[in-house]
Amino acid sequence: MKHRGRMWISGALMVIGAAVAITASKWPFRTALFPLSIGACVFSMAIAEFFLELFGRDVSKQDERGTKPDNVDPKTARNRTVAIFAWIFGFFLMIILLGFTIAVPLMVFLYLKVQSKESWELSLLLTAATIVFFYGLFVWLIETPFPAGWIIRWIGNILEG
């Protein structure tokens, strides 16, 4: 059997996901909820990838469109890389300036509308679902305090006098 790098990475991610879940299982529920869910998801996806790589067909020669990924123009690859780093940096900037509670749904909406060019209906629907999930899990269920962003604090200071 031919060992591939993806199998080694999947194995390492399985170990990391399991270690995170096992470590967090000893903590109180509210503290352990986030690492447990992330660890379980990472473990599940890594084990699926491991077995797909072990028993599945060789997908390394083509991507989902049937084209070889090695044939991507270097300029296109560079532009895609710059774009995704810009989105990541923009998200971090939004978190600092506006806070998590505003930045998360705003980022989802902007990414869907601007980068993915999705319809208004789908963008608003998925943004609303994000708000419900985010508030339901972090604010309502586990009562996570999120600090306000710099702009929100500045506006609050102005309004208070």
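User: I'm looking at Phe-134 and Phe-138: are they buried or exposed?

Analyst: Phe-134 is buried, and Phe-138 is buried too. Buried means under 20% relative accessible area, exposed means over 50%, and partly exposed lies in between (1.4 Å probe, protein chains only). Keep in mind that this is a predicted model, where local features need pLDDT of at least 70 and side-chain atom pairs count only at pLDDT 80 or more, while totals for chains, interfaces and linings use all residues. Residues are numbered from 1 along each chain as its sequence is written, and side-chain values use heavy atoms, with hydrogens and water left out.

User: Which helix holds Phe-134 and Phe-138, and how far apart are they in it?

Analyst: Helices here are DSSP runs (H or I, at least four residues; strands are E, at least two), numbered from the N terminus. Both phenylalanines sit in helix α5, 4 residues apart, or about one helical turn. An α-helix has 3.6 residues a turn, so residues three or four places apart point the same way. Helix α5 runs over residues 120-141 and has 22 residues. Its buried residues are Ser-123, Thr-127, Thr-130, Phe-134 and Phe-138.

User: What do the buried residues of α5 pack against?

Analyst: They pack against α2 (29-55) and α4 (100-115), with contact meaning heavy atoms within 4.5 Å.

User: How do the rings of Phe-134 and Phe-138 sit relative to each other?

Analyst: Rings of Phe, Tyr and Trp (its six-membered ring) pair if their centres lie within 6.5 Å; planes under 30 degrees apart are stacked, over 60 edge-to-face, and the rest tilted. By that rule there are 11 aromatic pairs here. Phe-91 and Phe-92 have ring centres 6.5 Å apart and planes at 25 degrees, so they count as stacked. For Phe-134 and Phe-138, the centres are 5.4 Å apart and the planes meet at 50 degrees, so that pair is tilted. Both also belong to one aromatic cluster, along with Phe-34, Phe-100, Tyr-135 and Phe-146.

User: Which residues make up the largest nonpolar core?

Analyst: A nonpolar core is a set of buried Ala, Val, Leu, Ile, Met, Phe, Trp, Tyr and Cys residues joined through side-chain atoms within 4.5 Å. The largest one has 6 residues: Trp-87, Met-94, Ile-95, Leu-98, Ala-103 and Met-107. The elements giving it two or more residues are α3 (74-98) and α4, and α3 has the largest share, with 4 residues. Apart from it lies another core of 5 residues, among them Leu-33, Phe-134, Phe-138 and Ile-142.

User: And charged side chains? How many salt bridges are there?

Analyst: A salt bridge needs a side-chain nitrogen of Lys or Arg within 4 Å of a carboxyl oxygen of Asp or Glu. The structure holds 2. In one, Glu-53 meets Arg-6 at 3.8 Å, N to O. That pair links distant parts of the chain, with Glu-53 in helix α2 and Arg-6 in helix α1 (residues 5-24), 47 residues apart. Glu-53 is buried at 7% relative accessibility, while Arg-6 is partly exposed at 38%.

User: Where do the partners Arg-30 and Glu-143 sit in the chain?

Analyst: Arg-30 is in helix α2 and Glu-143 in the loop between α5 and α6 (150-160), 113 residues apart. Their side chains form a salt bridge at 2.6 Å, N to O. Arg-30 is partly exposed at 44%, and Glu-143 is exposed at 52%.

Definitions and conventions:
Expected span 1.5 Å × (residues − 1).
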